[in-house]
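The questions below go through one protein model, moving from loops to a pocket and then to charged side chains.

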Amino acid sequence: MYTDFFGLSEKPFNVTPDPRFLYLTPAHREALASLVYGISERMGIVCLIGELGTGKTTLLYKLMEDLNEDTRAAYIFNSKISFKELLKSIFSQLGLPSERKSASTLLEELKTHLTKEMLYGKTVTLIIDEAQNLTPSLLEHIRLMSNMETPRQKLLQILLVGQPELGEKLRNRDLRQFRQRITSLRFICPLGEEDTREYIVHRLKIAGAHSANIFSSNAVGRIFQYSRGVPRLINTVCDNAMLIGYGTGKKTIEEAVIDEAIADLEIPPVMAKQ
Ligand SMILES: Nc1ncnc2c1ncn2[C@@H]1O[C@H](COP(=O)(O)OP(=O)(O)O)[C@@H](O)[C@H]1O
Ligand SMILES: [Mg+2]
C-alpha cells in the first residue's frame with residue numbers, strides 16, 4: 001500500500017463524498033451557507049447547481065453532519081423515481097411506516113407528521129441529489145409539496161442539488177411556476193489552478209502528510225490541465241500517480257509520472273475490425 005511509503009495514515013484521494021476532506025472555495029462556502037440558511041429560515045425551495053464531480057454530494061454530507069438535533073433530513077439520491085416512490089423514500093428516511101398506502105394517503109400523513117414536527121419546533125428537510133433527473137411531473141409534485149404550509153411557515157424545506165441540466169430544465173417555460181418558488185439558486189464550479197494546488201495539499205494534510213511537496217509544481221500544473229479543476233478527476237489522477245510513484249520508488253511525483261497516470265486512465269479506442 002502506498003500510504004506507508006508516503007508517510008500517510010490513510011488514502012488521500014478516494015472518490016467517496018467524505019466531508020472530512022472537504023475543501024471550501026469561496027463559492028463552496030457560500031453554497032453551503034445558503035443551504036444552511038435555507039433550512040434554518042424555512043425558505044421553501046433552495047437550489048444548488050454544479051458540474052459533475054465538483055463536490056455537491058460531499059457538501060450535502062457535510063451539511064447533514066452539521067444539522068442540529070431539531071432538524072430531520074430525508075436524503076434522496078435516486079431521483080429517477082415516481083412520486084409514490086419518492087414519498088415512500090421520505091417515509092423510510094423519517095422512520096415512518098409506508099406499507100400498502102396510496103400516494104394520496106402518504107401525502108396526507110406526511111402533512112400531519114410535518115405539522116406535528118413543527119409544533120415541537122422541528123424542521124424537516126427534503127434533500128434531493130442528482131435533481132437533474134427529476135421529470136417535469138415529479139417537479140410539479142415537489143412544487144405542490146412545497147405549498148404545504150401554515151399561515152406563517154413552510155412545513156417542508158426542499159433542497160434540490162444537481163448538474164447544469166437542472167438549470168436548463170428549470171428554464172423551460174412549462175416550469176415557470178416551479179421557478180418562482182426557488183428562493184435561492186447557487187452555483188459551484190471546478191477549481192482554478194491555485195485552488196487545485198491547495199486542494200491537493202489540503203487532502204494530503206488530512207491524510208496525515210508531513211510534506212506539502214509530494215507533487216511537484218509542474219506535476220500540479222499538468223493535473224490541472226488534465227482535470228480542468230474537477231475534483232473527482234484530480235482525485236483519480238493523483239491516486240493513480242501515487243500508486244505509480246510507490247511502484248517506482250519515487251517520493252516526489254513529477255510531471256512525467258502524471259503523464260503516465262493519465263495515459264493509464266485513458267480508455268483505448270475500440271480496436272478496428274481486421
Ligand atoms: N470541494 C471539495 N473538497 C474535497 N473533496 C471534493 C470536493 N469536491 C469534490 N471532491 C471529491 O471529488 C469526488 C466527487 O465529489 P462529489 O461530491 O461526489 O461531486 P458531485 O456530487 O458534484 O458529482 C469525491 O471524492 C469528493 O470527495
Ligand atoms: Mg453527486
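Q: Where is the place of R100 in the chain's helices and loops?
A: This is a predicted model, in which local features need pLDDT of at least 70 and side-chain atom pairs count only at pLDDT 80 or more, while totals for chains, interfaces and linings use all residues. Residues are numbered from 1 along each chain as its sequence is written, chains are lettered from A and ligands numbered from 1 in the order in which they are written, and side-chain values use heavy atoms, with hydrogens and water left out. Helices (H or I, at least four residues) and strands (E, at least two) are DSSP runs numbered from the N terminus. By these runs, the place of R100 is in the loop between α4 (83-93) and α5.

Q: What is the phi of R100, a residue other than glycine?
A: Most residues other than glycine have a negative phi. R100 has a positive value instead, and its relative accessibility of 84% counts as exposed (over 50%; buried is under 20% and partly exposed is in between, with a 1.4 Å probe and protein chains only). The phi of R100 is near 50°.

Q: In which loop does R228 lie?
A: R228 is not a glycine, although its phi is positive at about 50°. At 57% relative accessibility it counts as exposed. R228 lies in the loop between α10 (217-227) and α11.

Q: How many Å separate the C-alpha atoms of G192 and Y2?
A: G192 has its place in the loop between β5 (182-188) and α9, and at 34% relative accessibility it counts as partly exposed. Along the chain, G192 and Y2 are 190 residues apart. Their C-alpha atoms are separated by 28 Å.

Q: Which elements give two or more residues to the lining of the largest pocket?
A: A pocket is an open set of points, on a 1 Å grid over the protein atoms alone, where a 1.4 Å probe fits and protein lies on both sides within 12 Å along at least five of seven lines; lining residues have an atom within 4 Å of a point. The largest pocket holds about 440 Å³ of space, and its lining has 25 residues, of which G53, T54, G55, T58 and R232 lie nearest its centre. The elements that give two or more residues to this lining are α3, α9 (193-206) and α11 (231-247).

Q: Which backbone oxygen does the side chain of K56 reach?
A: K56 is in helix α3 (residues 56-66), where it is buried and has no salt bridge, the nearest side chain of opposite charge being that of E130 at 6.3 Å. Leaving aside residues up to four places away in sequence, K56 touches I49, G50, E51, V161, G162, Q163 and I188 (contact means heavy atoms within 4.5 Å). The side chain of K56 reaches, at 2.9 Å, the backbone oxygen of G50.

Q: Which side chain of opposite charge is nearest to E117?
A: E117 lies in helix α5 (residues 103-119) and, though buried, has no salt bridge, a term that requires a side-chain nitrogen of Lys or Arg within 4 Å of a carboxyl oxygen of Asp or Glu. Not counting residues up to four places away in sequence, E117 touches R72, K122 and V124. At 4.4 Å, the nearest side chain of opposite charge is R72.

Q: How far apart are the closest N and O atoms of K62 and D66?
A: Being four residues apart in helix α3, K62 and D66 are separated by about one helical turn. K62 is partly exposed at 22% relative accessible area, and D66 is partly exposed at 45%. In their salt bridge, the closest N and O atoms are apart by 3.2 Å.

Terms used: Lys and Arg count as positive and Asp and Glu as negative; His and the chain ends are not counted. A polar contact is a pair of N or O atoms within 3.5 Å; within protein, one must be able to donate a hydrogen and the other to accept it, and residues adjacent in sequence count only if both atoms are side-chain atoms. Grid points are joined across faces, edges and corners, and a volume is the space filled by probe spheres set on the points.
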